[in-house]
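Here is a short report on one chain and its interface. Start with the coordinates on screen.

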Amino acid sequence: MEERRYPEGQGPSQEEMRRSNLEIVTGVTCPFCGCLCDDLEVVIEGGRITNVKNGCAYSLAKYLNYQRERLLKPMVREGEELVAVSLEEAVERAAQILVDSIYPVLYGWSSTSSEAQRLGIELAEEVRGAIDNTSSVCHGPTVEALQELGHPGCTLGQVRNRADLIIYWGSNPLQSHLRHMSRYTIGAVGRWRRGREDRTLIVVDVRKTYTARVADYFIQVEPNKDFELLTALRMALMYEEIEQERVAGVPVEAIEEVAEILRGCEFGALFYGLGLTMSSGKNRNIDAAISLVRDLNRWTKFVMIPMRGHFNVAGANIVFLWQTGYPFAVDFSHGYPRYNPGVTSVIDILSRRESDASLIVASDPVANFPRRAVESLLENPLIVIDPHRTATAERADVVIPSALVGIECKGTAYRMDGVPLKMKKVVDPPPGCLSDEEILHRILEEVRRLRGE
Amino acid sequence: MELLIRNAVVYDPINGIDGERMDILVRDGKIVDSINEMQAKVIDASGMIAMPGGVDIHSHIAGPKVNKGRELRPEDHLRYAERGGRVRRSGVGYSIPTTFMTGYWYARMGYTTVMEPATAPLETRHTHEELNDTPILDKACFPLVGSNWFIMEYLRRGDLEKCATYVAWLLRAVKGYAMKLVAPGSVETWGWGRGLMGIDEVIPHFEITPRDIIRGLCRANNLLNLPSPIHIHCNALGAPGNFRVTLETMRCVEDLSRGDRPSIHIVHIQFNAYAGSDWASLSSGATRLARYVNRHSHVTADLGQVIFTDTTTMTADGPWQYRLHNLSGNKWINHDVEAETGGGIVPYHYRRRNYVNAIQWTIGLEFALQVKDPWKICLTTDHPNGGPFIEYPRVMAWLLSRRARLASMRRLNKTARRRSILESLEREYSLYELAIVTRASPARILGLREKGHLGIGADADISLYRIDPSEVDPSRDFRAVRRSLRRAAYTIKEGEIVVKEGEVVGVTEGRTFWVEAEVPEGVSKEVLSDLKERFEDYYTIRLENYPIEEGYLRRPSVRRTRPEAWVV
Amino acid sequence: MEAVLLTGRTLSQGMGVELGKSSSVYYRSVVTCEMNAEDMRRLGVAPGDPVRIITEHGSVVVRVVEALEEVPQGVIFIPYGPMINAIIGPETHGTGMPSFKGISVKLKVGGTAIPRGPGTQPRGNEEE
């Protein structure tokens, strides 16, 4: 694939574009991470994407390699083999599996559109299964803490325009959300902040990450001790005396100094990642972080935003909420939505071996789940809808290839702060590949037909 | 499809019909004057009253803050859950029901049109996604404009023309229906953790006052000739003594009246009708506000009645919600939106025995009973702030029956009861007046000409309740009337039977109204060029990605307006 | 040697996903174990050496590298991926979330890495 590079701020001339059958789509929203940068310019030559401007390394990798390792044909398992079949046959087989099962689990949903998520929930209700999204294994604990204490937050533009203090806690945006710091926080120019010089950066992490290296203050917390450190910070804020020399490996003097910085800022923003949700304490860590931010509002303006990973994982929570009242781990086995993380969440359902079939959409649990959960998943009929070959697709009984949201089909997605954005279609999908939305619609119709409705 | 409703006792205030026994004819979703009676489906409405489908002018049913409320409160959803059925989806929720439940419950009560009164423009795509998933109801949403940077900057420069043109652009961009101001200016200052109390404090960095914003947007509204007046959640909401701010707000646009149409609508006035100087001395300012409303024609209001129950408060008034969080100790969500607005959510339980809550309860009813002309008010609870809409029939009973009020007052906080004049108010609404405050008045204030009545050409949105006025006295039999109002015998939406005996039997897709306001081309170009220049300095998304395409709305219905004269 | 295991996102792992899960970039990224230099000396391993990571749920063999993003002594970092998930426990402590970070592990020098390629069931190779 030929890549064309232009100097910063320049593109091809009108003449050049006409000559080479070149098209540039502007304002494209990137379907990679929760930053949902919407300023990409995608260069298309003869129906193929040849360059992406403004995107980060992930974004480039995505747009320039999206055609690799694609699933192109619907397949069903015949013995050891996956055999290519017609879409109708694959849809029928998938519907049959769902209709025959007593308690299917429908999982994934974070790398697809809200439109597909809506239909996924409808399907789960129809077949009385459990439906869960990947927030179950990323910011599920954040939700659980929010449900206990609330969550003082804002959109990213508030941070860009106002924040003079930024904290990344258990988050390493220079590896995970590459443009987060330049677009929204430290480096961004806002109405009342000129950029890096007007902002203080504090990083709290177990490792001295790349992000930590550019921080004004780096606080190295011992693994699994975030809760202790957050609590010590809250104590320091209240001028309570801390008896120990060090908390979570951090000298008390440093904690007190940081507490003063937090109290003294004009607008502070805490961005937190999986370093808090996946470590010991999980939702309790987030409880402590919310309490800290809430306390800080006595002295100053302070907000927090979770660093959401998949481009539409925030949307998965949002769509689940308006349709079922709950953000993830929703069980329809009684005919109405029930929610009990730790019971109705996918890892728990699988590791207790409760489900008897599964539908995976735009996710690769075989690569990402703990082993016992994977074993349980593979014991039962497995349907996969995905654009790419994945470890999960390789093991599936029915595979239906889909188009990529934001590249080959349109849809809606939600940024990490809840701002909704439209995802554009910039090129055609491979022949025969439908959107997740369309595929789910067909499965739903087929399920209803089989059930005689 | 044709429908013949026989022998209903009809209350249709817009057409002056007060309890007449008559037939209602429906064809193709409209009220008509003749049908083919041989082919029509017939509903025998003997023993029933008929009203136009209910119209709710102010109810938070969809969008980011409602959904955050759902997230915050799994405990709320445990109060009520419902299985799906042949035509229905399942759902949960009491004060913040899921979208499907919202549609079904409103329809069960005979309501067919509901306004979502606060949506951050930047996030309105989300609001429309939820409205798309709210079945049966016709709906619309009001973009929040009270702390909008473009608006404040135009008004600071005194450029009303551009301000109005920007508003027209915004309504088209986000497919909104009316302007909503929430504590103007105060939500911007909350971006720095502070709030404003009155309407004459200067907003830092923007160098104008809330008064300037209110007047400016009221004039812009008149200039654009929008169907509805500006809807304002007044400054200092929730604070003792705030009735003065409300009076000031109404006074400051007295000269901007536009004939017989109101120029300002005060939302959930109960929350802004507090006299006294602190919580202990809190008393009702309802009488004084009612007196003002009685003497002026440029203002309308909805109640924001409090109901004793556990509910979820949510508003764009971020500073107030932070205060409520500190007052109540309850969990707190805050969500500020760049260059536009903010929001907060706090669960709250209104208790009869609590002095403040009891006073709040009396204020809404005192106001409703002292405003002489029911065309100036609408029944709301500011759902879910004063209480869930599911409880409207309780409010209706209080309006219809002094006995119902006295029954509720028996267990009320004694001091509040002593200090309130409510016990002395003997007025009882007639069913005709009830039809005004739940149908005709909101439809008229909203400028929805096909709603709120049953005249020829109106949308065939009809509710039938099993109440026989010749046998039932709402004053005495308020419990029976309340039961009937909770579950309509029939709800008909655009000619389709959607509810029968309180059960949802048909699910239709409602429309979403939005306003396209015509503006002169020249100024429109200038505003677009301002937007191109500054939008991306203010926002974290591209200007081209801000507008919502009409196709995004499942069933859009545009209302076009044009200025009577473009004179600034 | 005992250590605390963190798993997480890295640029090469994330890019690897986009290049394809059977790409060498992806494979290489998910079988590396970042370690403190001092720990490497104590354990007597050089970059590229195989090390067996053992939890109560199984063990896998990964290759040691010195941490680019410095980890403290006693802490190791491995990018998310099928190898390491094979030895992570399913217990969620009532939250739905397994512990992907802050896991107690034992390290043993030596072993053979499992073969590359998609479709490889993420089965920790059993203890010899």
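How much area is buried between chain A and chain C, and what share of it do carbon and sulfur atoms give? This is a predicted model. In it, about 4,300 Å² is buried between the two chains, chain A and chain C. Carbon and sulfur atoms give 55% of that area. Arg207(A), Met278(A) and Arg371(A) stand out: together they supply 18% of the area that chain A buries against chain C, more than any other three residues. By contact count, 56 residues of chain A touch 51 residues of chain C.

Now chain A by itself. It has 19 helices and 22 strands. Its radius of gyration is 23 Å, close to the 22 Å of the globule rule for 453 residues, so chain A is as compact as a globular protein of that length. The C-alpha trace spans about 70 × 60 × 35 Å along its principal axes.

Sequence separation comes next. Take the contacts in chain A between residues at least 6 apart in sequence: 67% of them join residues at least 24 apart. Of the 453 residues in chain A, 69% are buried.

The surface and charge figures follow.

| Item in chain A | Value |
|---|---|
| Positive side chains | 52 side chains |
| Negative side chains | 63 side chains |
| Separation of the centres of the two charge sets | 4 Å |

Note on methods. Residues are numbered from 1 along each chain as its sequence is written. Chains are lettered from A and ligands numbered from 1 in the order in which they are written. This is a predicted model: local features need pLDDT of at least 70, side-chain atom pairs count only at pLDDT 80 or more; totals for chains, interfaces and linings use all residues. Side-chain values use heavy atoms; hydrogens and water are left out. Helices (H or I, at least four residues) and strands (E, at least two) are DSSP runs, numbered from the N terminus. The radius of gyration is taken over C-alpha atoms; the globule rule is 2.2 Å times the number of residues to the power 0.38. Buried means under 20% relative accessible area, exposed over 50%, partly exposed in between (1.4 Å probe, protein chains only). Contact means heavy atoms within 4.5 Å. Lys and Arg count as positive and Asp and Glu as negative; His and the chain ends are not counted. The place of a charge is taken as NZ of Lys, CZ of Arg, CG of Asp or CD of Glu. Buried area is the accessible area (1.4 Å probe) that two parts lose on being put together, summed over both.
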